[in-house]
Amino acid sequence: MKKLNIDLIIIGGGPAGMAAATQANDNGLEKVLIIERDCELGGILQQCIHDGFGLISFKERLTGGQYAQRYINQVEAKGIQVKLNTMVLEITSDKKVYAVNEEDGLLEISAKAIILAMGCRERTRAQVFINGARPAGVFTAGAVQRYINMEGFLPGKKAVILGSGDIGLIMARRMTLEGIKVEGVYEIMKTEGGLTRNIEQCLNDYGIVLNLSTTITKIHGNKRVEGVTVSQVDASMKPIEGTDRYIECDMVVLSVGLIPENELSKNVGIELDSLTKGPIVDENMMTSIPGVFAAGNVVAVFDLVDYVSQTGVIAAKGAMKYINGTLDLTNTYISVNSGENVSVLIPQKIRKSNLDNKQDFFLRVREENEKMKLETEWSDKLVQAGKFSMVKPPEMIHITLGEKELAQFTDEDICFHMRKES
Amino acid sequence: MLNHFYSLINENNELKKYEINAERTDQNVIHLSGEVDVWQHVIDIGHIAGSIKGIKGVVNHITAQNIKPQKKDNASLISGAKQIGIIDTMDVVIVGAGVIGTGIARELAKYDLKIALIEKNSDISEGTTKANNGMIHSGYDSKTGTLKAEMNVKGNAMYSKWAEELNFPFNRTGSFVAGFSEEDDEYLEMYYERGKANGVPGIEIISAQKAREFEPNLHHTITKLLWTPSAGYVEPYEVTEALAENAVDNGVSIMLSTEVLNIITKENNVQSVVTNKGIIQTSWVINAAGLYADEIAEMVGDCFYTIHPRRGTLVLFDKSNKGIIERFIGTPPKNFTKGGGPMQTPEGNPIWGPSAIEVPDKENVDVDQQDLDFIINKSAHLVEGISRQSVITFFSGLRACTYTEDFIIEASEKVKGFIHVSGIQSPGLASAPAIAQRVENIFIELNPSTGKKENFNPIREKPIHFRECTFKEKDELIKKDPKYAHVICRCETITEAEIIRAIRGKIPARTLDAVKRRTRAGMGRCQGGFCGPRVVEIISRELGIDPTEVTLKGNTSNVLISHSRK
Amino acid sequence: MEKISYTCIVCPKSCKGELIVKDNNEFETSGYICKRGIEYAINEYRSPKRMLTTTVKMLNGTFSNLPVVSDNEVDKDKLFACLNYLYSTKLEAPIKEGDIIVANILNTGVNIIAARDMKIKS
């Protein structure tokens, strides 16, 4: 077994991992290693050939590949060490990483700090309980995206898409442009899951119909998909009798949500948040194990890659402080709580002593609404943290509290509320 | 006998309106015909006929409205086979490569016989076997005196030897039947008495408190339990794979994608089997065709049973729930099947079910809402701490049931050279070793001069599972074959080396599902979302076929349709 | 006077605004929070344009297809003609991100460029 000593190991070479690696390098850390299970860096970005990435980071409309390439070029230029085709089998709480690849065989790498950046995976058919047979032709949207965009295969001729998340919408357009007939997008919720601009440019541009409050109740065909039954659903999302309709198709594309991939985190005993399904992190994106940080979609599913990279930068800065011994690890945490109309919230806890002159927060709302204000509440104080003309559950909201606001923090828990502007 | 049947029909308010024609043959087989409104009535009438004492079998041709009888015309295929002509000569042809057929093949491989095991699907285990929950029943629930009861108790005891020789995981954990009320206690008593009569070792009734000492997450409302320590569990497709590999090692030819179209007899002697691959000469045919056993028997003119598919759905959970319950928990039965309940696979995934629904179509393996509701509601009353959100997949299989609801394992009374192994429904998996032995005895009794092979090797070597190795073993494996360092399936930690080995194996895995059953690639929580494209690539490379030719489970189940650019 | 609503697709905010075309052919807008939205609405009225992203067949690349993107927006009604042109194109590795794959595609004044590096398949 080959043994290595590294300052910072980053598990995952997607946008979070690469941003973390370049940041750590910029801060002067020499022994940084990215471990990537695929044959190249970039992660899922490489299969996202559509544009719209990087508006915040680069003020440009880039494709996924272009966005990834900018970071890959930096990683290469800085000479950051990368192990591709390498699978991490286990991490331990004393920060040893066990990994395998064909060149090195089994590796035991001891690190001063670890950043988890494994991303997320797609929810499958069983997790949304679609009944029927189990033929070929049922795919997650991401698998279809990889087949079409990277490997050059068409996995069907006539598709029905379940779920109106962004990947489903993007794939509706991609499949149409590749000559696959899209027979419609079906969404069990009463509102669309993806961004409005994607409804506009991916569905409306091509006359693809979005059917809300409708779901697939059965898949037909034993060998290959022959069709689906769709039904409208009531307020409790149960199919309404008599509304079922048979649609002929040879392919079912599922875009029914993403889940942070945390098997490594679970096995080492990192505390997870039941809402985000990712590690509970603090102001530096540090998990419940000191010296183990997490960034990007492994923490919570973000809607914009720019935010994913930003969390990588935060985690890298935190890891640097941890390695240099300048991180306070002893003071008690202040808990950061979701209040009115706030669901996901990151970080979930902060140590006041570790705060710099600004602190980023990422959150999602529970319900869509117009003319809203975000308020931060602690003790009996309310501070306005931002105004929003429109808030929607699919959009992650990013706010930065500055020195002035942070100065008002006491040792009491903080709560965020998204309230109607009076 | 027929009068008794008609009087039973007339006593039934739902069934008495129908005009049913029943005829009895000199073999005491009842043939039924007529038309009814719904499929369940076809089944009910068949069961009434099957319950009459002294009946050998029920052939049920009753049709239900709106359900077209499935009749396949093999004429053109048969003429194609005749054109190919004779492709081989065998001593024994076994039809069906499920756990029963492969078990028989491996048992008969001890003898100096040329054996072909033929299977219409593209892989072994593709029928009833693959959708079994893996329970090795202890044998308390079959009626005393039935062949089922005898085979089950014997088969259960034989599993330890099978597991040892064939190196498949087998956990003899024991199983429960849970009681919640005084009414249930009566059932438990009945099972206890029956289990005693059937010869189930160690059977007893215990308090919930005692049971919780070793099975702590039993539902808090359970009061008393029937406890049978001999029950266990396996992965049915692993058992079948092990049997098939050992059979091949001992000279059996396995022919996949080979469908029996006809069986030729001459003066009531089996002559040959006509398949889509050509004609195989043989003087013995063993019918282990599962759902299609009645159709195979019909080919030799000795069909005295109709197989009616009874669908069972199973729900599989993420193995992060490993250990929450380790033993099967049953309840008093419904209809003609055992009440399925929660248990755990050898890999540690909780598995709940099966349900039991009669369906007319032998290929209908749909999962319907009623199946899921039945399983989830039922199991949720038996175990605590497993969330519905951790379901990773669900699937259905079909039990091959006759109307007499017992196993039929006997040489044909009409045709020499034909052995029926039919109606092998639950607990068929548990009975498999005893069934194989019984068929061996029948065959040897009729062919007493059959000699034993000198070099029969009962051992099948344990396959290498990278995920189960220590770090040191992993390191050594990678040194021997670097492909062990290429993890393809992330969820289950399955390497490229294991996948290649499955594709090049003794029973080559040529489809995604076959690779999945051999290696577990794609069986995890992402259900092949990430590794599916990689496995397609490896299969295409290893078999030298285009990726668009790779299938999920054989003919016409292609994963990809075309290349996007020429 | 004409009043048309357009949902801006430039950024995730997806502003739902309105374009008012006055009788003197001057424009007025409401609902867009930045000038990109205003530009988008006017373009949608005059001549809608879209970015073009697709893949082109690679003969010897590490992947079978190379993602490409237009360096500017293409007239919406020329999109399929451009795609069909690209579908019949074949490329050889190595390619650098930003390399021009097709210059001035179908005389639209727009170049199609490589959207990532592509190395030679080993």
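The legends below describe close-up views of a predicted model. Local features need pLDDT of at least 70 and side-chain atom pairs count only at pLDDT 80 or more, while totals for chains, interfaces and linings use all residues. Residues are numbered from 1 along each chain as its sequence is written, chains are lettered from A and ligands numbered from 1 in the order in which they are written, and side-chain values use heavy atoms, with hydrogens and water left out.

**View 1. The domains of chain A.** Chain A is divided into domain 1 (1–122 + 258–327), domain 2 (124–256) and domain 3 (332–422); such bounds come from an automatic or database domain assignment. Taken over C-alpha atoms, the centres of domain 1 of chain A and domain 3 of chain A are separated by 26 Å. Their contact (heavy atoms within 4.5 Å) takes 23 residues from domain 1 of chain A and 20 residues from domain 3 of chain A.

**View 2. The interface of domain 1 and domain 3 of chain A.** Between them, domain 1 of chain A and domain 3 of chain A bury about 1,700 Å², with 56% of it on carbon and sulfur atoms. Buried area is the accessible area (1.4 Å probe) that two parts lose on being put together, summed over both. The rule finds 1 salt bridge across this interface, a salt bridge being a side-chain nitrogen of Lys or Arg within 4 Å of a carboxyl oxygen of Asp or Glu. A salt bridge joins the side chains of Asp356(A) and Lys321(A) (3.2 Å, N to O). Across the interface of domain 1 of chain A and domain 3 of chain A there are also 10 residue pairs in polar contact (both at pLDDT 80 or more). A polar contact is a pair of N or O atoms within 3.5 Å; within protein, one must be able to donate a hydrogen and the other to accept it, and residues adjacent in sequence count only if both atoms are side-chain atoms. The side of domain 1 of chain A that touches domain 3 of chain A has 13 nonpolar, 5 polar and 5 charged residues. Here Ala, Val, Leu, Ile, Met, Phe, Trp, Tyr, Cys and Pro count as nonpolar, Asp, Glu, Lys and Arg as charged, and the others, Gly among them, as polar.

**View 3. An open sheet in chain A.** In chain A, 5 strands form an open sheet of mixed pairing, in the order S24-S22-S29-S26-S27. Strands (E, at least two residues) and helices (H or I, at least four) are DSSP runs, numbered from the N terminus; two strands pair if DSSP finds at least two bridges between them. Strand S24 (349–350) and strand S27 (381–391) of chain A are the edge strands, each pairing on one side only. Strand S26 (residues 369–378) of chain A pairs with S27(A) in the antiparallel sense over 9 bridges. Opposite Thr376(A) stands Val383(A) in S27(A).

**View 4. The interface of chain A and chain B.** Here 48 residues of chain A are in contact with 54 residues of chain B. The two chains, A and B, bury about 4,400 Å² between them, 56% of it on carbon and sulfur atoms. Glu102(A), Phe129(A) and Arg134(A) supply 16% of the area that chain A buries against chain B, more than any other three residues. The rule finds 6 salt bridges across the interface of chain A and chain B, and 19 residue pairs in polar contact (both at pLDDT 80 or more). H3(A) gives the largest share of the side of chain A that touches chain B, 5 residues. That side of chain A divides into 21 nonpolar, 11 polar and 16 charged residues.

**View 5. Pairing and a salt bridge between chain A and chain B.** S12(A) pairs with strand S27 (residues 562–563) of chain B in the antiparallel sense over 2 bridges. Phe153(A) has His563(B) in S27(B) as its bridge partner. The side chains of Lys218(A) and Asp366(B) also meet in a salt bridge (3.0 Å, N to O).

**View 6. The interface of chain C and chain A.** The contact takes 31 residues from chain C and 32 residues from chain A. Chain C and chain A bury about 2,800 Å² between them, of which 52% is on carbon and sulfur atoms. Between chain C and chain A the count is 4 salt bridges. Lys76(C) and Asp205(A) meet through their side chains in a salt bridge (3.0 Å, N to O).
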